[in-house]
Amino acid sequence: MKELLEKIDEQNIMVSDYHTIIKLIEASLQRGAIRANEATTVGKLYDKCVFMINKHNNKEKQDGGLSKTDN
């Protein structure tokens with residue numbers, strides 16, 4: 001069961017994966033590997049990755065605030 005859970009976890013996209021995708025897109029654009037007719041699709045993927053990173057960062061901030069207690 002533990003091995004199955006580890007394999008499932010390996011299939012999940014992590015925040016670090018979104019950072020890697022963003023770096024790949026940026027490098028591809030700098031090197032001219034993206035054609036003009038592909039730019040919209042690639043840009044949408046880039047925006048989705050940035051959104052997911054921001055969503056994760058905001059969730060961490062909110063979760064961090066829940067653990068604080070006011071006395």
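Tyr18 is placed in helix 2, where helices are DSSP runs of H or I with at least four residues, numbered from the N terminus. The structure is a predicted model, in which local features require pLDDT of at least 70 and side-chain atom pairs are counted only at pLDDT 80 or more, whereas totals for chains, interfaces and linings use all residues. Residues are numbered from 1 along each chain as its sequence is written, and side-chain values use heavy atoms, with hydrogens and water left out.

The confidence of the predictor in each residue is expressed as pLDDT, on a scale from 0 to 100. The protein averages a pLDDT of 88, and 90% of the residues score at least 70. Among the elements of the protein, the highest mean pLDDT (96) belongs to helix 2, residues 15-30, and the lowest (80) to helix 1. Where pLDDT is low, predicted coordinates should not be read in detail.

Helix 1 spans residues 2-11 and includes Glu10. With a relative accessible area of 62%, Glu10 is exposed. Together with Glu3, Glu6 and Asp9, Glu10 forms a negative surface patch. Leu4 is also found in helix 1 and is partly exposed, at a relative accessible area of 49%. A nonpolar surface patch of about 450 Å² is made by Leu4 with Met1, Leu5 and Ile8. Patches consist of residues with over 30% relative accessible area and no salt bridge, like charges being joined within 9 Å and nonpolar side chains (Val, Leu, Ile, Met, Phe, Trp, Tyr) within 5 Å. Lys and Arg count as positive and Asp and Glu as negative, while His and the chain ends are not counted; each charge is placed at NZ of Lys, CZ of Arg, CG of Asp or CD of Glu. Accessible areas come from the Shrake-Rupley method with a 1.4 Å probe, and for residues only the protein chains shown count as cover.

One salt bridge is counted, the criterion being a side-chain nitrogen of Lys or Arg within 4 Å of a carboxyl oxygen of Asp or Glu. This contact joins the side chains of Lys59 and Asp63 at 2.9 Å, N to O. Both residues lie in helix 3 (residues 39-66), four residues apart, or about one turn of the helix. Asp63 is partly exposed, with a relative accessible area of 39%. Between Asp63 and Tyr18 the C-alpha to C-alpha distance is 21 Å, at a sequence separation of 45 residues.

Ser16, in helix 2, counts as partly exposed at 47% relative accessibility. Ser16 and Ile53 are 37 residues apart in sequence, with their C-alpha atoms 8.8 Å apart in space. Ala39 belongs to helix 3 and is partly exposed, with a relative accessible area of 38%. Ala39 and Leu29 are separated by ten residues in sequence and by 8.9 Å in space, C-alpha to C-alpha.

How values were computed: Helices (H or I, at least four residues) and strands (E, at least two) are DSSP runs, numbered from the N terminus. Buried means under 20% relative accessible area, exposed over 50%, partly exposed in between (1.4 Å probe, protein chains only).
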